[in-house]
Amino acid sequence: NPDELLAQIKKNEQKEKRGRLKLYLGMCAGVGKTFAMLQDASKASGRRIKVLIGYVETHGRAETEFLLFSLPQLERKKISYKGFELEEMDTDAILEQKPDLVVVDELAHTNAPGSRHRKRYLDVLEILEKGIDVYSAVNVQHIESLADTVSQITGVMIKETIPDSILDIADEIELLDISPDELLQRLSDGKVYTADKTKDAVENFFRKGNLNALRELSLRLTADRVDKQVRDYMQENRIPGPWKSTQRILLGISP
């Protein structure tokens, strides 16, 4: 089909001009998304790729802060709002410095009033359009189509989300998966939140049943993404299918 061929050519051309987006996905805080992201950024820097830390939140985790020492960090932009001084990522400075790769934590974050964009994922989209690669991290509860489901499971209202279309444009999604028992142990050891927040976190969000359900959501989301990549690959390369890499349902419906 000539129209399909032309659409695919245009899609590939746009993709080549745009920066590559890698998302680090987890079932919730504490699974190691930021740590893995900084490890990969350090490896990229070792390959002489110009890396810049746009915004990273360590939450006081010593091992995460240690990884930041060897990487150039962008000074945060200070915004005054209702008597408070808030710190946000300086997107203008990133575009001015033109790094090869920028690390942007907490993708679903809502920026302070007066920022360049209302949401951080919009900053990331603009950075990508300038041909700059981005590493970013997000939890499964912040995916727009899953936010209501997560609220029903945990009883916690999810206020910050990103559209599912961000997953569609991601060139790579890496799932950071650990068992609920291991995560609860990390929480108990103070490796997720400070001691004053840990008790409330366990009682409200980090219950084992909640974590199992969130883990299943993140695994299914990643599996669906991989399945879509397989189908896109088959379509682009004119491979007859289907491959038996996942289950398929065929329905027969009368007129």
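Which helix holds Ser-218? I looked it up in this predicted model. Ser-218 is found in helix α10, which covers residues 208–236.

**Entry: Ser-218**

Ser-218 has 1% relative accessibility, so I count it as buried, the cut-off being under 20%. I then looked for a polar partner. A polar atom of the Ser-218 side chain lies 2.8 Å from the backbone oxygen of Arg-215. I also listed contacts, leaving out residues up to four places away in sequence. Ser-218 touches Leu-25, Met-27, Val-140 and Leu-175.

**Entry: Arg-215**

Asp-177 is partly exposed at 34% relative accessibility. Arg-215 is partly exposed too, with a relative accessible area of 24%.

**Entry: another pair in α10**

I stayed with helix α10. Arg-220 and Glu-216 both lie there, four residues apart, or about one turn of the helix. Their side chains meet in a salt bridge of 3.0 Å, N to O. Is Arg-220 buried or exposed? Arg-220 is exposed, with a relative accessible area of 53%. Glu-216, at 41% relative accessibility, counts as partly exposed.

**Entry: salt bridges elsewhere**

How many salt bridges does the structure hold? I found 13. Side chains of opposite charge can pair when their charged atoms come close. One of the pairs I looked up is Lys-78 with Glu-87, at 3.8 Å from N to O. Lys-78 is partly exposed at 44% relative accessibility. Glu-87 is partly exposed as well, at 37% relative accessible area. I also noted a network of salt bridges that links Lys-22, Asp-40, Glu-172 and Glu-174.

**Entry: positive phi**

I turned to backbone angles. Lys-82 has a phi near 50°, a positive value in a residue other than glycine. Where does Lys-82 lie? I placed Lys-82 in the loop between β3 (77–81) and β4 (84–88). Lys-82 counts as exposed because its relative accessibility is 68%, with the cut-off at over 50%. Glu-106 also has a positive phi, near 50°, and is not glycine. I found Glu-106 in the loop between β5 (101–104) and α5 (120–129). Glu-106 is partly exposed, with a relative accessible area of 29%.

How values were computed
Residues are numbered from 1 along each chain as its sequence is written. This is a predicted model: local features need pLDDT of at least 70, side-chain atom pairs count only at pLDDT 80 or more; totals for chains, interfaces and linings use all residues. Side-chain values use heavy atoms; hydrogens and water are left out. Helices (H or I, at least four residues) and strands (E, at least two) are DSSP runs, numbered from the N terminus. Buried means under 20% relative accessible area, exposed over 50%, partly exposed in between (1.4 Å probe, protein chains only). A polar contact is a pair of N or O atoms within 3.5 Å; within protein, one must be able to donate a hydrogen and the other to accept it, and residues adjacent in sequence count only if both atoms are side-chain atoms. Contact means heavy atoms within 4.5 Å. A salt bridge is a side-chain nitrogen of Lys or Arg within 4 Å of a carboxyl oxygen of Asp or Glu.
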